[in-house]
Amino acid sequence: MAGKPKLHYTRGRGKMESIRWLLAAAGVEFEEEFIETKEDLEKLRNDGSLLFQQVPMVEIDGMKMVQTRAILSYIAAKYNLYGKDLKERAWIDMYVEGTTDLMGMIMYLPFQPADTREKNLALMIERATTRYFPVYEKALKDHGHDYLVGNKLSWADIHLLEAILMAEECKPDILSAFPLLQAFKGRTSNIPTIKKFLQPGSQRKPPIDENFVAIVRKIFNI
Amino acid sequence: MSGKPRLTYCNGRGRMEPVRWLLAAAGVEFEENFLETREQYEKLIKDGVLMFQQVPLVEIDGMKMVQTRAILSYIAGKYNLYGKDLKERALIDMYVEGITDLMQMILMFPFSPPEAKEKNIDSIKERATNRYFPVFEKVLKQHGQDFLVGNKFSWADVQLIEAILAVEEKIPAVLSGFPQLQAFKIRMSNMPTIKKFLQPGSPRKPPPDECYVETVLKIFKK
């Protein structure tokens with residue numbers, strides 16, 4: 001059963017969004033089965049489909065893969081988005097861990113009470129502009145290539161674009177001090193598979209709203 | 001320049017301990033540079049050696065590697081502890097990610113307030129015995145082999161033995177319902193490189209105590 005990968009998650013971004021991005025950028029069509037209620041999650045758990053009782057879960061190549069990083073690493077390697085050797089993979093891993101930390105700061109904001117959220121939003125903006133974006137700006141400046149690693153599109157580039165767009169949703173001018181990242185954003189958004197993913201009607205999910213926060217809380221009991 | 005990997009971190013387990021375990025298990029000698037003061041940390045940042053201003057830092061093969069997962073993946077890849085193909089790597093990644101989630105609870109434990117400590121031990125016990133250990137017990141039972149993946153020693157085995165010992169330090173009888181894991185623990189502990197690491201005088205660090213917590217807060221708290 002070759003089939004398309006099948007994604008199991010809620011109808012929102014969360015931890016699955018990076019996987020949607022990577023598959024889309026790789027030009028891989030995928031199906032989605034949405035968890036709408038607590039019962040849907042319980043059913044997956046009772047069926048023994050979730051190795052650690054958690055989602056994301058992606059059915060791919062005969063495996064029921066869980067753990068976001070494991071899934072992303074597998075997809076990156078399978079579709080040649082993981083560099084040409086161990087050292088390039090090391091650089092891609094380092095860059096991706098950075099953008100993962102940054103997106104992690106944004107992902108949980110809607111679940112926090114208003115006063116904590118405001119403080120953490122300010123912290124995220126500070127981290128984005130003083131800790132994370134300078135690293136990628138410098139990487140691009142130092143080698144002058146279009147892509148972060150090995151002069152070739154990789155998982156690191158796709159993850160960085162996703163992080164940039166998420167950060168811009170919080171603060172539209174967040175890239176104002178980073179000319180190379182602005183150019184990177186323009187270039188990468190125009191890659192045909194990514195351009196398609198950024199258009200309405202794609203499987204990209206919208207930013208979370210209050211109603212969806214309530215649904216997620218109910219499903220996961222948080 | 002000795003050519004050995006050089007680890008920069010506090011003189012304690014924290015996020016560097018899995019790296020020490022993996023290098024030791026692979027039979028790789030390494031040097032350590034211990035952070036004792038805030039000034040040392042600030043100097044590292046000023047010198048631009050910490051990509052995201054964070055430790056762990058491992059200088060290896062001409063790279064200044066940061067981000068624990070990136071470091072561990074590189075070491076596993078380099079020393080043939082990452083399976084024989086993409087699918088074995090996927091399994092190793094899934095197992096390692098699950099164990100890392102459990103270890104995260106142990107990592108944060110010393111920093112939790114005194115009144116939360118008992119509840120946190122209960123959470124660790126619950127997760128270990130209901131979510132994580134059953135998975136690995138089942139894996140070992142089903143294939144009947146000595147190692148978790150591909151009938152060969154891998155990063156996943158190292159991560160699991162580290163986690164078992166760490167949880168047992170808090171909950172001594174935690175393996176009582178897991179005969180396969182008990183046998184696994186003995187087998188792993190007797191592998192020559194691991195046996196050496198478990199002996200006094202090795203680079204293995206003791207469980208965190210109040211002094212360690214104080215040092216960490218002094219160096220990193222803003």
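Let's start with chain B and the UniProt record. An unreviewed entry there lists "domain: GST N-terminal" for residues 3-83 of chain B. UniProt positions are given in the numbering used here, feature names are shortened, and annotations may be inferred rather than shown by experiment. This is a predicted model: local features need pLDDT of at least 70, side-chain atom pairs count only at pLDDT 80 or more, and totals for chains, interfaces and linings use all residues. Residues are numbered from 1 along each chain as its sequence is written, chains are lettered from A and ligands numbered from 1 in the order in which they are written, and side-chain values use heavy atoms, with hydrogens and water left out.

Back to residues 3-83 of chain B. That span is 36% helix and 22% strand, and its end C-alpha atoms lie 26 Å apart. Helices (H or I, at least four residues) and strands (E, at least two) are DSSP runs, numbered from the N terminus.

Next, the other annotation. UniProt, again in an unreviewed entry, gives "domain: GST C-terminal" for residues 85-209 of chain B. Here the chain is 66% helix and 0% strand, with the end C-alpha atoms 41 Å apart. In chain A, the unreviewed annotation "domain: GST C-terminal" covers residues 85-208. That span is 69% helix and 0% strand, and its end C-alpha atoms are 37 Å apart.

Now helix packing between the chains. Helix α4 (residues 86-107) of chain A and helix α3 (residues 68-78) of chain B have axes that come within 8 Å and cross at roughly 160°. Axes are lines fitted to C-alpha atoms, for helices over the stretch in contact, and angles run from 0 to 180 degrees between N-to-C directions. So α4(A) and α3(B) are roughly antiparallel (over 145 degrees; under 35 is roughly parallel, 65 to 115 roughly perpendicular, the rest oblique). Among the residues that meet are A:Arg89 and A:Asp93 from α4(A), and B:Arg69 and B:Tyr74 from α3(B). Contact means heavy atoms within 4.5 Å.

Within chain A, α1 (residues 17-25) packs on α3 (residues 68-78) at about 5°, axes 10 Å apart. These two helices are therefore roughly parallel. The contact includes A:Leu22 and A:Leu23 of α1(A), with A:Ile71 and A:Leu72 of α3(A).

Last, backbone geometry. A cis peptide bond joins A:Val55 and A:Pro56, omega about 10°. A:Pro56 sits in the loop between α2 (38-46) and β3 (57-60) of chain A. In chain B, a cis bond joins B:Val55 and B:Pro56, with omega about 10°. A:Gln67 is not a glycine, yet has a positive phi of about 75°.
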